[in-house]
Amino acid sequence: MKERKIIHVDMDAFYAAVEQRDNPALRGKPVIVGGDPRGRGVVSTASYEARRYGVRSAMPLREAYRLCPHGIFLKVNMHKYREVSAQINRIFQEYTPLVETISLDEAFLDVTGSTVIFGEAEEIGWRIKQRIKKEIGLTASVGVAGNKFLAKLASDLQKPDGFVVIRPEKVEEILHPLPVSRLWGVGKKTEEKLLSLGIKTIGDLARLPEPLLQQHFGFQGKELARLARGIDERLVEPSREAKSIGREVTFPLDIWETEVLEATLLELAESVGWRAREAGVRGRTVTLKLRYADFQTVTRSRTLNSPTALDNEIYAVGKKLFQEVYRPGQKVRLLGLTLSQLNRQKEQLSIFCAQQEREEKVARALDDIRSRFGSRAITRARLLNFRENKEKS
Ligand code: TTP
Ligand code: MG
């Protein structure tokens, strides 16, 4: 399986941190969210200050009160946490349409297709962490790795306010000393059974022959053996289908040369096409956005007969729309292209598929070269080609 770039984000002491953000008097104090300490409820979460007293999620509030009588007990304000969660989610969506929300404060992002635009996965992870801090006023712990299991493990390694990247060459070094309980699917029972076999660490497990594990744990043994080696092929399953994939550029200087504007459209189309193919979707509607130097903004859309994820098809439509709306000679400050009405490629079964699939294969081969040699290698050649053709015609 192609290596993927996965980011896992988990907010620190989420509900408590939101309360501390909104009321400075609570900062640095033991805050326990859950409700009345004399009531029968349980702790939803506690600030790190309260955790020092042993207060934990799911603990009865009365027990939390016993451990931390001077703690500040607050009611759960679900409405507020949902709102904050949606804001965080909007930041994620800017970097990839492949966002799997696990809970209000936790998500996986597959950014494999985003690296050409936004830089390496770790840069994206770092930027997301900084934006959550700056724009939302909360700290997140972020993990970056080649699969979901490792990314989640990474986000937890330096909690709170953590940032950990697990590179392939470091997997063993990081994984092996950890207790087996850190593996997905290892609950109390499995842990006890492993311990009784003398297997304490993930390294102990990785050294065992797989058949032996299968003998003791059946199907789960196979899975354990894979996880212990840092292998996990679970895909990020977007919780909410992306509604669109768009890309826009603001020029450093206003542009009015049609050739440059059209060449920019080609780059935008390539970028949108790439992201769609990486996300495994095709779209039916192409939208052009054009902003003139005086900020007057025009958008125009066209819907295709069949959905596409091909650069040249997106470009052809974008160019047509551009020619329809652009007033030659006028200075332009921004150009954008968006592909919308997306659906999953596998759901598309029709007679055009054969041709479409052949073309997508070619596009994917190019994607592969791009990912190995950098996006510029091909884009440049194509733009040159494009310019030559323009000169000939
Ligand atoms: P967690 O991410 O498990 O915990 P957390 O964000 O409070 O702390 P950290 O990640 O730094 O360890 O859960 C996220 C939120 O979900 C948490 O703020 C409150 C809620 N929650 C409950 O309501 N009950 C629970 O038992 C747990 C574990 C969480
Ligand atoms: Mg959390």
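Student: Which residues line the largest cavity?
Tutor: This is a predicted model, where local features need pLDDT of at least 70 and side-chain atom pairs count only at pLDDT 80 or more, while totals for chains, interfaces and linings use all residues. Residues are numbered from 1 along each chain as its sequence is written, chains are lettered from A and ligands numbered from 1 in the order in which they are written, and side-chain values use heavy atoms, leaving out hydrogens and water. A cavity is a set of points, on a 1 Å grid over the protein atoms alone, where a 1.4 Å probe fits but cannot get out, and lining residues have an atom within 4 Å of a point. For the largest cavity they are Val9, Met11, Ser85, Ile88, Asn89, Phe92, Thr101, Ser103, Leu104, Asp105, Glu106 and Ala107.

Student: Which element gives the largest share of that lining?
Tutor: Helices (H or I, at least four residues) and strands (E, at least two) are DSSP runs, numbered from the N terminus. S1, helix H4 (78-95), strand S5 (99-103) and strand S6 (106-110) each supply at least two lining residues. The largest share, four residues, is from H4.

Student: Nice! Now ligand 1: which side chain has an N or O atom 3.0 Å from an oxygen atom of the ligand?
Tutor: A polar contact here is a pair of N or O atoms within 3.5 Å. Backbone N or O atoms of Met11 and Tyr15 each lie 3.0 Å from an oxygen atom of ligand 1, but you asked about a side chain. That one belongs to Lys159.

Note on methods
Polar contact = N/O pair within 3.5 Å; in protein donor to acceptor, adjacent residues only side chain to side chain. 1 Å grid on protein atoms, 1.4 Å probe; cavity = no way out; pocket = protein on both sides within 12 Å on 5 of 7 lines; lining within 4 Å.
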